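Subject: Structure for your study

Dear colleague,

Please find below the sequence and structure that I am handing over to you. I would ask you to look through the structure first and then to read the account that follows it.

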Amino acid sequence: MCGIVGLYTKNPKMERHLGDYLSSMLIEMTDRGPDSAGIAVYRNPAPKGSVKLTVHNADPNYPWPQLARDLSEELGDKVKIEVRGSHAVLVAHEDYPTIRAWLHHHFPEVNIVSAGGTIEIFKEMGLPIDVVDRFKLRELKGTHALGHTRMATESAVTTEHSHPFSTGLDLCLVHNGSLSNHNRLREYLRKHGIEIRTDNDTEVAAGYLTWRLREGATLEEALEAALKDLDGFYTFAIGTRNGFAVLRDPIACKHAVLAETDDWVAMATEYRSIATLPGAEKATIWEPVPAQIYSWSRAET
Amino acid sequence: MIEVDLDQTDVRTLNERLHRLPKETNERDWRIVNPKGRHAIAVGLDVPIMVTIEGHVGFYCAGMNKSADLVINGHVGPGVAENMMSGSVRVRGNASQSAGASARGGFLVIEGDTSSRCGISLKGADIVVGGSVGHMSAFMAQRGHLVVCGEAGRSLGDSIYEARLFVRGDVESLGADCIEKEMRPEHVELLTSLLDRAGMKAKPKEFKRYGSARKLYNFDVDHAAAY
């Protein structure tokens, strides 16, 4: 099982309620995924030349201010930090590889959950309703967001095994289904320098997209290639800086439904998540066709 | 008319209430509001009542229906009218996958499009789709009719037995042992009556008929009368 939800706002008035709407959608998918839950939200673009990181450490008393002070000292420029549950969002005026190397060296106990200009990822074990509360997800404003509730079938239940998985700057992946060729693909990707930290199948799909994109493919090309190279069942939702994309495997056993109004586009594993949105009763609703890439995005701002 | 609000009453309570109705009930006209994608609404009905559902429903709506007539004014999730025995189900929106799966009797009308596996393992019901059907529709269909006013996805009628398929638009591909067949006067007559009953305006002459080549399963023409 597993549940996926996604919401993309077309009407700017929706943006201040994004976290609230997405949280309701996520909680509706509790039956499909009581093990862990997570969201990716696109909001508060970092200034030009800066990078935004979401970082995680399970210790509730983790000294995040210390990390921010040390990093500010290193860069000679004030690093902004916002702590949210077991995660923290850092905005620093530096390039990503430099900060990543610095963090790995000085704070190896900190996991980088996402990186980019607008993306933030929050994910943890537990019921969706508890995850929503712990991260105060309802208060988040933003342009679009994805969420996932996990019922683990392939690998352990930990925060690191939870979705969404980062697949590169401002990109993330959530998955309902299971992949059958992830072991060999993991080895292949690791040989090609892609960091994969767990034995989770979805992390391999995320790593696969990261690899394709690194090799110069567009997101569309990477997804087309994924149709050939990934063996298994999947409905994917992929978050991008300007929108999101949906892809189902050619057999399409894993549920998915799309809905659109003048104000928003939503996707979910089951319509009852979408039913929580304002105007859902008047939405155009359809099931996405297998092996077809659906995507929504706004112009670069 | 009896109105049930699913924001006030849970689905199980509603279904139990409908199951307790005696055959000769006077409570024949039901209206269900606020379905909000809930699953298994109005399943297992076995009395001749009319049920109108105002809005979009979740999985397995009207499953195992017998005798009742249902109208859903919205989208239906996977498995609408699965294993229907008799009666009718009309969907005014689109349908997700497996609409009418293994239905043995009755009449299912989808006014919009349906997704994959429409009429999978069909065992005698009649299904009319106003729009298109997805891949693997009528897979292993044994008896009954599937009428598609739009197009059909890949592998239509794969491993089909004796169900009859009528498609007006393009068929992406036919499944194993499914072939196009001659449209004889009796088929035009049958199709005309199905389209009339469904209230579809499509012209029967625009359809092609598909069915089993009878090579895949051990069909002996001497036993044709048994079907």
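**The sheet of chain B**

In chain B, eleven strands make up an open sheet with mixed pairing, and their order is 1-2-3-4-5-6-7-8-9-11-10. Its edges are formed by strand 1 (2–5) and strand 10 (178–181) of chain B, each of which pairs on one side only. From one strand to the next, the twist averages 15°. Please bear in mind throughout that this is a predicted model.

The end of the sheet at strand 10 may be followed in detail. Strand 10 of chain B runs antiparallel to strand 11 (residues 208–212) of chain B, and four bridges join the two. One pair of residues to look for is B:Ile179 with its bridge partner in strand 11 of chain B, B:Gly211.

**Chain B as a whole**

The C-alpha trace of chain B spans about 55 × 30 × 25 Å along its principal axes.

**The sheet of chain A**

Chain A contains an open sheet of five strands in the order 9-10-11-12-16, with antiparallel pairing. Strand 9 (165–168) and strand 16 (294–297) of chain A each have a single partner strand, so one side of each is left without a neighbour in the sheet. On average, neighbouring strands of this sheet are turned by 20° against each other, direction ignored.

Within this sheet, strand 11 (residues 232–240) and strand 12 (residues 243–248) of chain A run antiparallel and are joined by six bridges. A:Ile238 has A:Ala245, in strand 12 of chain A, as its bridge partner.

**The helices beside that sheet**

Helix 6 (residues 201–214) of chain A lies across strand 9 and strand 10 (171–179) of chain A, and runs at about 135° to strand 10 of chain A.

How do helix 6 and helix 7 of chain A pack, and at what angle? The angle between helix 6 and helix 7 (residues 219–229) of chain A is about 130°, and their axes are 9 Å apart. Helix 6 of chain A is therefore oblique to helix 7 of chain A. The crossing of these two helices of chain A is right-handed.

In this contact, helix 6 of chain A contributes A:Tyr208, A:Leu209, A:Arg212 and A:Leu213, which meet A:Leu219, A:Ala222, A:Ala225, A:Ala226 and A:Asp229 of helix 7 of chain A. Seven of the residues in the contact of these helices are nonpolar, none is polar and two are charged.

**Where the chains meet**

The contact between the chains takes 14 residues from chain A and 18 residues from chain B. On the side of chain A that touches chain B, the elements giving two or more residues are helix 8 (271–274) and strand 15 (284–286) of chain A. Helix 8 of chain A gives the most, with three residues. This side of chain A comprises nine nonpolar residues, one polar residue and four charged residues.

Yours sincerely,
Your colleague

Definitions and conventions. Residues numbered from 1 in each chain as written. Chains lettered and ligands numbered in written order. Predicted model: local features only at pLDDT ≥ 70, side-chain atom pairs only at ≥ 80, totals over all residues. Pairing = 2+ DSSP bridges. Axes fitted to C-alpha atoms, helices over the stretch in contact; angles between N-to-C directions. Contact = placed C-beta atoms within 7 Å. Nonpolar A, V, L, I, M, F, W, Y, C, P; charged D, E, K, R; others polar. Parallel < 35°, antiparallel > 145°, perpendicular 65-115°, else oblique. Left-handed = near helix turned anticlockwise from the far one by under 90°.
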